[in-house]
Amino acid sequence: MAAVERKAAIVQVKIPAVFMRGGTSKGMFFRREWLPQDPAAWPSIFLAALGSPDPYGRQLDGLGGGISSLSKVVVVDRSSRSDSDIEYTFGQVAIGEPAVAFRTNCGNLTAAVGPFAVDEGMIAPVGDGAVVRLYNTNTGKRVTARFPLDDGRAAVEGDFALPGVAGRGARIRLEFQDPGGAVTGHLLPTGQPGERLALPGHGDVEASLVDATTAVVFVRADALGAGGAESPEAVEANQPLLEQLEAVRAAAAVRMGIAATMEEASLRSPSSPIVALVAPPRRARTLTGEWLEAEAMDVTARMLSMGRPHRALPLTGAMCLAVAARIEGTVVHAVVRPGETPSRDLRIAHPSGVMPLAAAVRQADGWTADEVVAYRTARRLMEGSVLVPASRLGPLVAGA
């Protein structure tokens with residue numbers, strides 16, 4: 001009887017990947033060539049790699065961290081555009097649902113794109129510093145990243161301290177050009193700096209809907225019975241407040257044209273818009289237990305993504321806040337420290353400390369945001385391959 005050759009079944013598939021921290025987020029980075037040619041095949045890879053969906057909310061069967069800032073992916077490629085060197089696509093991986101959102105950008109992980117590209121040899125900067133022109137495919141917006149080099153690679157050591165990240169690192173300057181309308185096409189999606197949103201079962205609330213680097217709905221903390229300086233744990237434990245915030249977010253999504261109904265906004269667009277509580281400067285403890293004095297800030301903010309409060313601030317959301325603070329008539333402008341001037345950085349207090357941001361906004365025929373500048377650090381944490389169960393990839397391993 002002739003021997004029958006058996007082909008060993010593929011249990012897990014190895015995919016090259018790099019794990020990086022960018023700002024106060026972490027995520028998996030892939031070169032475009034490491035992934036299937038058809039982007040429709042990417043979500044199944046990202047979900048399996050990060051450990052989603054996980055009904056327990058911990059992503060223990062993957063590399064995610066159980067919160068939105070630790071459940072992210074970035075795909076990087078050389079750019080064929082004349083105005084950029086590198087293009088990148090950001091994906092927000094849902095934790096409890098089998099979904100990956102590609103509608104918005106991540107400012108924190110944007111800080112790691114330039115260093116990733118340099119360390120991968122995708123570009124070859126000369127001298128002791130790099131200037132990398134980035135193009136974000138999610139929003140169609142351009143970002144210039146400037147950072148120091150160490151023997152031809154992205155520098156890691158430095159003296160820049162980023163609240164929310166232990167230690168110090170090499171400073172990365174990010175210049176987000178023309179940030180308005182990144183999601184909806186308009187800096188003020190409704191044309192107005194202030195709105196009244198009807199919340200079924202919760203009455204009406206005054207809010208501002210602004211789209212700069214990402215779409216955010218801002219609401220005064222006191223309008224929802226909050227102080228504005230609550231810890232993330234306190235917000236998570238306040239179920240009535242969480243329900244109100246989701247109602248605000250869903251109503252804003254409809255008004256901004258992101259979703260047709262509030263139900264659709266909650267089910268299909270949980271990451272956009274971000275919802276933000278804002279308040280005047282006020283003394284509060286940071287997550288390290290230190291006191292942050294009111295004199296050290298110009299405005300207080302707490303933000304939620306995917307229904308979970310951030311431990312710091314999502315950078316795109318913070319940049320949107322900096323722009324909103326310069327627009328008269330927004331709820332953000334109303335709570336900013338009196339006498340704060342547009343000529344200096346806006347100091348935004350968050351659970352981990354204070355974030356300074358510069359925003360250039362002008363009013364001519366309506367409001368225009370020219371640029372937002374932020375500073376971050378980043379570090380390459382792991383490189384190699386991520387293993388994903390073949391059973392979750394379907395046709396990707398057909399014939400293997």
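Predicted model: local features only at pLDDT ≥ 70, side-chain atom pairs only at ≥ 80, totals over all residues.
A pocket here is an open set of points on a 1 Å grid over the protein atoms alone, where a 1.4 Å probe fits, with protein on both sides within 12 Å along at least five of seven lines; lining residues have an atom within 4 Å of a point. The volume is the space filled by probe spheres set on the points, joined across faces, edges and corners.

I noted that 31 residues line the largest pocket, and that Glu97, Ser266, Pro270, Ser271 and Met306 are the closest to its centre. Helix α4 gives the largest share of this lining, 5 residues.

I then turned to the second largest pocket, with a volume of about 470 Å³. Among its 32 lining residues, Pro163, Gly164, Arg311, Ala312 and Ser352 lie nearest the centre.

Next I checked confidence: the mean pLDDT (the predictor's confidence in each residue, from 0 to 100) of the protein chain is 93, and 96% of its residues reach 70 or more. Over residues 1–7, however, the pLDDT is below 50.

Finally I examined Phe29. Beyond four places in sequence, I found Phe29 in contact (heavy atoms within 4.5 Å) with residues including Ala17, Trp34, Val74, Leu109 and Phe116.

For the record, residues are numbered from 1 along each chain as its sequence is written, and side-chain values use heavy atoms, without hydrogens and water. Local features need pLDDT of at least 70 and side-chain atom pairs 80 or more, whereas totals for chains, interfaces and linings use all residues.

Notes
Helix = DSSP H or I, 4+ residues; strand = E, 2+ residues; numbered from the N terminus.
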